[in-house]
Amino acid sequence: AMANAKLVVVGVAILVILLQVSTCAMARHHAKPDPCASEDDSVPGMVHKHKHNKPHCTTLGHNGGGGSTPGVMTVNGFQKGQDGGGPSECDGKYHSNGDMIVALSTRWYAGGRRCGKMINITSKHNGRTVQAKVVDECDSNHGCKTNIVDTSEAVWKALGLDSNIGEVPVTWSDA
């Protein structure tokens, strides 16, 4: 019986390792920002002002301290009848797309702990940074990916980006 128990433990450990490896491979395969890549191979010729430890592949999205977290910015309509769906999670209201506002993926929304708080969003395309207020959750249990910074049209304009692009790489941090 002991031999069987050991086999099960080893089997589970191998399965966990394989899952982590496949997650990294998938991230690379789909040309999304790779959580498992080192800082140095992100963009050739780009100078990093400050180094921070590269995230371990399993601890994606923990945004503690002064570091910035990579994500994908998408465009959302926060007004009634638009693609944002119902009113915002934080306050039960609809918001103007002219406001500097953002919905974060479930893990970053953190059960509403970021509601009403400002975050810094930096475009990886041009280095511009703006502040936007967290008003909503992009529900990762209902189709939203786990690395989404879903912003109003105003945020795209302030960053000098065309929202028709649909998705752009960004970093964000608590303001």
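The structure is a predicted model, in which local features need pLDDT of at least 70 and side-chain atom pairs count only at pLDDT 80 or more, while totals for chains, interfaces and linings use all residues. Residues are numbered from 1 along each chain as its sequence is written, and side-chain values use heavy atoms, with hydrogens and water left out. The protein chain has three helices and six strands, where helices (H or I, at least four residues) and strands (E, at least two) are DSSP runs numbered from the N terminus. Of its 175 residues, 33% count as buried, a word that stands for under 20% relative accessible area, with exposed meaning over 50% and partly exposed lying in between (1.4 Å probe, protein chains only).

**Fold and strand pairing**

- Strand E6, which spans residues 167-174, runs antiparallel to strand E1 (residues 69-75), and six bridges join the two; strands are taken to pair if DSSP finds at least two bridges between them.
- Within this pairing, Val72 has Pro169 of E6 as its bridge partner.
- E6 is also joined by five bridges to strand E3 (residues 118-123), again in an antiparallel arrangement, and here Ile119 has Asp174 as its bridge partner in E6.

**Salt bridges**

- The whole structure contains two salt bridges, each being a side-chain nitrogen of Lys or Arg within 4 Å of a carboxyl oxygen of Asp or Glu.
- One of them links the side chains of Asp174 and Arg114, at 2.6 Å from N to O; because Asp174 lies in strand E6 and Arg114 in the loop between helix H2 (106-109) and E3, the pair ties together parts that are 60 residues apart in sequence.

**Disulfides**

- The structure holds two disulfides, where a disulfide is a pair of cysteine sulfur atoms within 2.5 Å.
- Cys90 is joined to Cys115 with an S to S distance of 1.9 Å, and with -85° about the S-S bond this link is left-handed.
- Because Cys90 lies in the loop between E1 and strand E2 (101-105) and Cys115 in the loop between H2 and E3, the pair ties together parts that are 25 residues apart in sequence.
- Cys90 counts as partly exposed at 27% relative accessibility, and Cys115 is partly exposed too, with a relative accessible area of 24%.
- Cys138 and Cys144 form a disulfide with their sulfur atoms 2.0 Å apart, and the torsion about their S-S bond is about 105°, so this disulfide is right-handed.
- Both Cys138 and Cys144 are buried.

**Cavity and pocket**

- On a 1 Å grid over the protein atoms alone, a cavity is a set of points where a 1.4 Å probe fits but cannot get out, a pocket is an open set with protein on both sides within 12 Å along at least five of seven lines, and lining residues have an atom within 4 Å of a point.
- One cavity of 30 Å³ or more is counted, and the largest cavity has a volume of about 40 Å³, a volume being the space filled by probe spheres set on the grid points, which are joined across faces, edges and corners.
- Among the residues that line the largest cavity are Asn76, Phe78, Tyr94 and Asp136.
- The second largest pocket has a volume of about 190 Å³ and is lined by 13 residues, of which Gly84, Gly85, Asp136, Glu137 and Cys138 lie nearest its centre.
- Strand E4 supplies the largest share of that pocket's lining, namely three residues.
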